[in-house]
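Me: Can you take me through the pocket and the aromatic rings in this one? Start with the terms, please.

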Amino acid sequence: MAVISWKIIAYLLSVAAVSILCNSYTIAVIGSSYCHYFLYIYTYYYRDIKTKGEYKAFQHAAFLYKSIAVCHIAYIYAGPILVGRVEVDHMSLLMIMCGYVVSISATQVLGIDGTYFGIELGFLQADYKFVKSFPYNIFPHPMILGQVFALLGVYKVPWVREAWPWFCPIHIVLYLLHMTQEIYDVWNGAPWYKNASKKSA
């Protein structure tokens with residue numbers, strides 16, 4: 001049974017400790033909001049996961065990092081609403097809901113292994129174009145683009161833009177960076193479309 005690495009736990013606890021000692025929530029946000037992107041980009045590029053146990057550990061780590069990031073997003077966005085400092089922005093909320101519906105739908109049709117690079121890492125035997133149902137039949141890369149649309153909904157409200165002007169833009173830039181990596185299959189090897197063209201030649 002795969003578990004979260006002690007190094008990840010130690011890192012997150014260290015970030016939390018420094019944040020508390022410095023009385024700065026910003027440190028916690030910076031230190032734990034963007035880890036999953038770097039894990040995605042590193043894993044996609046090097047593809048050095050060889051065993052099922054390592055693969056499950058990667059999935060658990062990615063899920064943990066992403067969960068923490070979502071908690072930060074929810075707190076920064078919804079915190080002022082819950083304490084009555086600001087009113088609900090219905091258009092912003094609609095954007096967030098639509099973005100997450102698309103992203104979650106994409107995860108459901110891909111499956112967990114498909115979502116976490118199962119094809120690229122060799123743990124899922126399937127073609128790159130094996131999914132043709134919603135939302136993939138409407139636009140490409142719906143998981144990432146859905147997340148980006150939701151983040152734009154978060155950034156729409158003034159209390160996020162004014163208090164955290166860099167928070168959502170960094171999320172969006174890192175998402176789009178990883179999407180570009182997937183589109184062009186940038187990794188430590190030949191892109192899948194070049195291998196496909198060799199086989200068809």
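Reply: On a 1 Å grid over the protein atoms alone, a pocket is an open set of points where a 1.4 Å probe fits, with protein on both sides within 12 Å along at least five of seven lines; lining residues have an atom within 4 Å of a point. A volume is the space filled by probe spheres set on the points, which are joined across faces, edges and corners. This is a predicted model, where local features need pLDDT of at least 70 and side-chain atom pairs pLDDT 80 or more, while totals for chains, interfaces and linings use all residues. Residues are numbered from 1 along each chain as its sequence is written, and side-chain values use heavy atoms, with hydrogens and water left out.

Me: What volume does the largest pocket have?
Reply: About 1,200 Å³. Its lining has 37 residues, and L110, T115, Y136, M143 and E182 lie nearest the centre.

Me: Which element gives the most to that lining?
Reply: Helix α5, with 8 residues. Elements giving two or more residues are α3 (35-46), α4 (52-82), α5 (90-115), α6 (118-121), α7 (142-156) and α9 (167-183). Helices here are DSSP runs of H or I with at least four residues, numbered from the N terminus.

Me: How does the lining divide into nonpolar, polar and charged?
Reply: It has 23 nonpolar, 10 polar and 4 charged residues. Ala, Val, Leu, Ile, Met, Phe, Trp, Tyr, Cys and Pro count as nonpolar, Asp, Glu, Lys and Arg as charged, and the others, Gly among them, as polar.

Me: Switching to rings. How many aromatic pairs are there?
Reply: The structure holds 17. Rings of Phe, Tyr and Trp (its six-membered ring) pair if their centres lie within 6.5 Å; planes under 30 degrees apart are stacked, over 60 edge-to-face, the rest tilted. One of the pairs is Y42 with Y46, tilted, at 4.7 Å centre to centre and 40° between the planes.

Me: Where do Y42 and Y46 sit in the helix?
Reply: They are 4 residues apart in α3, so about one helical turn separates them.

Me: Which residues do ring pairs link into a cluster?
Reply: Y25, Y34, Y37, Y75, W164, W166, F167 and Y175.
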